[in-house]
Amino acid sequence: MRMPTTHRRFRHRALLWAVAASLALTATSGAPAGADTPAPGLSQTLDQILGDTRLNGAQVGVVVSDAETGQTLYQRNGDGRLVPASSTKLLTSTAAMALLGPDYRFSTDVLADGSRHGSVFQGDVYLRGTGDPTMLAEDYDRLAATVAAAGIRRFTGRLVADDTRFDSSRLGASWAADDESAYYSSQISPLTVAPDTDYDAGTVLLSVAPGSAPGEAAAVKVTPSNDYVRIDNRATTVAAGGSRAITVDRMHGSNTIVVSGKIPVGSTPATSWTSVWEPTGYAAAVFADALAAHGVKVTRGTVLGKSVPQGATTLASHPSMPLKDLLTPFLKLSNNNHAEVLVKTIGYEVKGSGTWSAGLSAIADHLRTLGLDPAGLRQMDGSGLSRMDVVSTEQFTGLLVAVRHQPWFQEWYDALPIACASDRMTGGTLRSRMCGTAAAGNLHGKTGSLTGVSGLSGYVTDADGRKLVFSFVSNNYVASSVKSIEDAVGAALAGYSVKGAQQPQGTARSDRPTTDAPTARDEQSGRTDLECSWTKPASC
């Protein structure tokens with residue numbers, strides 16, 4: 001369970017949840033005839049849902065297909081290219097499974113270059129990263145413990161952080177400048193640290209607790225403990241029952257994190273996940289602290305960005321979890337850093353270059369093997385943070401149909417968020433959606449959210465037991481949220497019967513009041529429709 005969350009300016013958000021009510025479906029009998037023929041009854045139902053006034057003036061693409069045959073059962077602007085937000089992760093994750101393989105592992109290694117004389121190693125010690133976004137402080141501690149257990153007590157040279165597996169480009173194309181210190185926009189490096197088992201690589205977790213009396217400074221705890229970031233604590237304690245407003249901000253090019261605002265006596269701590277500037281240095285600092293804690297001294301300090309020389313001796317290694325397991329935090333929580341690490345890793349392994357351009361080129365090549373035309377879309381990053389990404393719902397459903405025949409499909413499918421599955425690492429970004437409908441526990445899908453962008457694409461089994469694929473992406477709406485419209489579509493598909501059987505109970509309405517659900521809202525900026533997992537509420 002998460003503690004109440006506070007983010008920096010443009011990061012403090014509240015989540016509004018509601019359960020959509022019932023809508024009787026009007027499915028008529030008779031099987032669909034011919035390719036791309038609308039399914040009887042389904043078209044009327046979906047047209048009614050998509051007639052919601054919140055979509056007036058917006059660009060909307062919807063495609064529903066039979067998962068076995070690929071036959072299109074419904075489409076509206078299916079070939080229109082739209083900004084997909086995190087639905088982009090469908091492209092990235094499937095390519096990673098195909099090109100890297102379900103058992104692919106990253107490795108973080110400690111090596112030394114020089115000669116050993118008893119407990120002294122004359123030369124440099126190297127920390128080499130290959131991209132593992134799940135490295136925790138305790139993993140670096142185990143690496144340091146292994147070095148100490150080998151009897152080494154001092155390196156006469158430097159600690160060298162080798163992050164040369166990837167290029168030095170840390171942020172993706174057209175990522176928003178005001179997102180820079182947000183943890184969902186953390187910098188990409190093959191050598192990094194995550195503060196907890198959500199594996200938000202390149203971030204620190206701040207906990208801000210009240211003092212014992214009004215007027216006292218708030219207490220700020222940083223996880224993992226490190227000297228790489230500096231806390232400028234301006235937050236104060238106010239009387240119990242007073243207003244609570246904590247702001248956490250890190251400025252461009254700096255690792256000074258300013259904590260300001262007020263927190264009442266006796267209130268639970270506020271939390272913030274905040275990205276660091278230059279994650280390679282962050283990882284090196286955490287590892288240097290671990291070496292010191294185990295009695296191992298490095299004489300000449302730390303250097304970043306140098307590669308391990310040929311012939312260096314391996315002292316310790318830490319393998320990551322396999323990719324098939326990494327998919328769970330990646331897709332369930334819509335982790336952006338994981339997506340970008342996978343793109344650069346694909347580039348390194350397939351094209352010999354750990355860059356976005358190489359990785360995206362390899363993904364495009366893979367799409368061709370599935371019968372998709374990458375010339376009809378534009379992918380600029382792995383996560384969908386870039387508004388330069390454009391993909392049609394027709395292409396998403398084509399992908400969803402094609403990957404069902406891959407040997408790794410079941411593992412990937414299980415990693416998708418599941419509607420109304422309450423466990424956070426099962427339901428993910430859909431854990432509180434479509435509850436009480438036929439889609440609950442049935443629909444597996446990938447969400448996508450940016451301000452004015454929303455999407456849901458995936459799989460659902462209808463009332464006849466037929467597996468459907470669907471993709472719904474909307475752009476440029478001005479309502480606070482259109483999530484309940486997506487939920488109504490998902491519930492309608494789950495309740496649809498070509499035989500004419502209706503399931504009026506537990507289907508979803510789209511005619512919601514303005515307290516729509518679920519919407520992540522930044523209370524300070526008014527920004528809405530961010531991925532619910534990115535706001536880090538306990539309920540997501």
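**Helix packing, sheets and a disulfide in a predicted model**

Helices α5 (residues 323-332) and α6 (residues 336-351) pack against each other at an angle of about 145°, and their axes lie 9 Å apart. The crossing of α5 and α6 is left-handed. As for who touches whom, α5 brings Leu323, Leu326, Pro329 and Phe330, and these meet His338, Ala339 and Leu342 of α6.

The protein averages a pLDDT of 89, and 85% of the residues score at least 70. Residues 1-35 are another story: pLDDT is below 50 there, although this stretch still makes 158 contacts in the model beyond near neighbours in sequence. Residues 501-528 also have a pLDDT below 50, with 111 contacts in the model beyond near neighbours in sequence. Where pLDDT is low, the predicted coordinates should not be read in detail.

Next, an open sheet. Five strands build it in the order β3-β2-β22-β21-β20, with antiparallel pairing. Strands β3 (72-76) and β20 (444-450) sit at the edges with a single partner strand each, so one side of each has no neighbour in the sheet. On average, neighbouring strands here are turned by 5° against each other, direction ignored. Within the sheet, β21 (residues 453-461) and β22 (residues 467-475) run antiparallel and are paired over nine bridges. Leu456 has Phe472 in β22 as its bridge partner. Helix α1 (residues 42-50) packs on this sheet, where it touches β2 (59-66), β3 and β22. The direction of α1 makes about 25° with that of β3.

What holds such strands side by side? Strands of a sheet pair through backbone hydrogen bonds, either parallel or antiparallel. Both kinds turn up around strand β14 (residues 256-264). Strand β11 runs parallel to β14 and is joined to β14 by four bridges, with Arg230 standing opposite Thr256. Strand β12 (residues 236-238) is also parallel to β14, through three bridges, and here Val238 stands opposite Pro264. Strand β13 (residues 245-250), on the other hand, runs antiparallel to β14 over six bridges. In that pairing, Val248 faces Val259 in β14. The hairpin of β13 and β14 has five residues between the strands, and Gly253 takes a positive phi near 75° in this hairpin.

The peptide bond from Thr223 to Pro224 is cis, with omega near -5°. Pro224 belongs to the loop between β10 (219-223) and β11 (230-233).

Now for the cysteines. The count comes to one disulfide. It joins Cys420 to Cys435, with an S to S distance of 2.0 Å. The link of Cys420 and Cys435 is right-handed, with 105° about the S-S bond. Cys420 lies in the loop between α9 (409-415) and α10 (424-427), and Cys435 in the loop between α10 and β20, so the bond ties together parts that are 15 residues apart in sequence.

The loop between α10 and β20 is where Met434 is placed. Met434 has a relative accessible area of 5%, so it counts as buried.

Finally, a look inside at Leu143, which belongs to helix α3 (residues 137-149). Its relative accessibility is 3%, so Leu143 counts as buried. Which residues does Leu143 touch? Leaving out residues up to four places away in sequence, the contacts are Thr108, Val110, Leu127, Met135, Phe287, Ala316, Ser317 and His318. With His318, the C-alpha atoms are separated by 7.1 Å, although Leu143 and His318 are 175 residues apart along the chain.

Methods. Residues are numbered from 1 along each chain as its sequence is written. This is a predicted model: local features need pLDDT of at least 70, side-chain atom pairs count only at pLDDT 80 or more; totals for chains, interfaces and linings use all residues. Side-chain values use heavy atoms; hydrogens and water are left out. Two strands pair if DSSP finds at least two bridges between them. Helices (H or I, at least four residues) and strands (E, at least two) are DSSP runs, numbered from the N terminus. Axes are lines fitted to C-alpha atoms, for helices over the stretch in contact, and angles run from 0 to 180 degrees between N-to-C directions. Contact means heavy atoms within 4.5 Å. pLDDT is the predictor's confidence in each residue, from 0 to 100. A disulfide is a pair of cysteine sulfur atoms within 2.5 Å. A crossing is left-handed if the near helix is turned anticlockwise from the far one by less than a right angle, and right-handed if clockwise. Buried means under 20% relative accessible area, exposed over 50%, partly exposed in between (1.4 Å probe, protein chains only).
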